[in-house]
Amino acid sequence: MSTTIPDLAALHALGAAQQPTYPDAAAVAANVARLRRMPPLVFAGECDDLKAKMAAVSRGESFLLQGGDCAETFEEVTADNVRNKLRVLLQMAVVLTYASSVPVVKLGRLAGQYAKPRSSDMETRDGVTLPAYRGDAVNGFEFTPESRIPDPTRLLDVYNASAATLNLVRAFVTGGYADLRQVHTWNTDFVKTSVAGQRYEALAAEIDKALGFMGAIGVDAEELKRVDFHSSHEALLLEYEHAMTRIDSRTDKAYNVSGHFVWIGERTRQLDGAHVEYFRHIANPIGCKLGPTATADDAIALAERLNPENEEGRLTFITRFGAGKIRDGLPHLVEKVTAAGVKVAWVCDPMHGNTFESSTGYKTRRFDDVIEEVQGFFDVHRALGTWPGGVLVEMTGDDVTECIGGGEEIDEEGLAHRYESVVDPRLNRVQSLELAFLVAEMLRQA
């Protein structure tokens, strides 16, 4: 890592994958120039703090909970939506921490998750072919020629939406909302009537009792009143991420100041590609997705390229195999990477390998498949004596019906009730809480 970052032209010359084709190069340049002058969304010191926490995850001393929308939209940047996402993440973290006695690192998949890779550049409906929707950072979801034209002014909209989201998150986590004494108020509305919600209430009562005891003996720790909460997203659009890169005055190192933790996706992890080249120059803690096609040699080569100094907390491998493949594909990967002495945190993404289309035409996932992949992830690490470092889940704080199953027993017909995602299906709040209790049980045995 150094102060020398390859310029955008050099990165694009490497054949950057999953980038939009903008019709107006001058407009792109003008918006990128404006972004370069904008204040940072996060600070280098905050990224360093998270890196230290991720080092603890890699050593088996902490567990990562990473969650949020598959693709944020500008329309959903409201106080209610941000609070609802934060609320369910706080609930999940409390369940994991209290039930397993393991410190939990809280990482939101938010304030930057506005771009999505797609399997095809184009989409056809009823004989009409238009550019695929690549997230609000690129174009509109509405299936019209005007909406689907990639628009570089949206890059500034991403910045503004991310700034508003982070401002709200910081206000919530430092302004009393994240105070552990509010643990009951996080369990509201439809969740209370669910089995998971009732189980959470019982746990919250235990926490209240413990807090009462601590207060009685004069303990009033600051850690009870606030939480450390960081942001993350897939750093996909090179124009945006490059423009949001700054040199830290303390260290002369380059940081991506659009988020604390950024990751490389499964479709953009080419060893000689533009994303790996960009990522190796920034000092943030970073992640890299590894799917069923990734070999142990691929992983080791990526680690050597992205973390040549083998720094703890720098690199996280996020595995996304699918419930039916994880027990066969993950062991050799973990075993060989560990034998090579690579310092890395292992995190499970149980969402992306388990997507299918329902008989009713909705892109969905089975809750049981999500749990099965997480269980397989834990089983593999337990067998190898390595640490299952965390989970990355696509979830929302709302009562959506996008994933099949769970305690609410959502079926394929029920998906139509409240399916709101514009890209991938998310766990709703009750399913997310159910997941937290199940993962807590796995952590107890890890």
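Trainee: What should I know about the model before we start?
Mentor: Residues are numbered from 1 along each chain as its sequence is written, and side-chain values use heavy atoms, with hydrogens and water left out. Because the model is predicted, local features need pLDDT of at least 70 and side-chain atom pairs count only at pLDDT 80 or more, while totals for chains, interfaces and linings use all residues.

Trainee: Is strand 9 buried or exposed?
Mentor: Strands here are DSSP runs of E with at least two residues, and helices are runs of H or I with at least four, both numbered from the N terminus. Buried means under 20% relative accessible area, exposed over 50% and partly exposed in between, with a 1.4 Å probe and protein chains only. On one side of strand 9 lie Ile-286, Cys-288 and Leu-290, and on the other Gly-287 and Lys-289. Since 5 of the 5 residues are buried, strand 9 is largely enclosed by the rest of the structure, and the word asked for is buried.

Trainee: Which residue of strand 10 stands opposite Lys-289?
Mentor: Two strands pair if DSSP finds at least two bridges between them. Strand 9 and strand 10 (residues 315-319) run parallel and are joined by 5 bridges. Opposite Lys-289 in that pair stands Ile-318.
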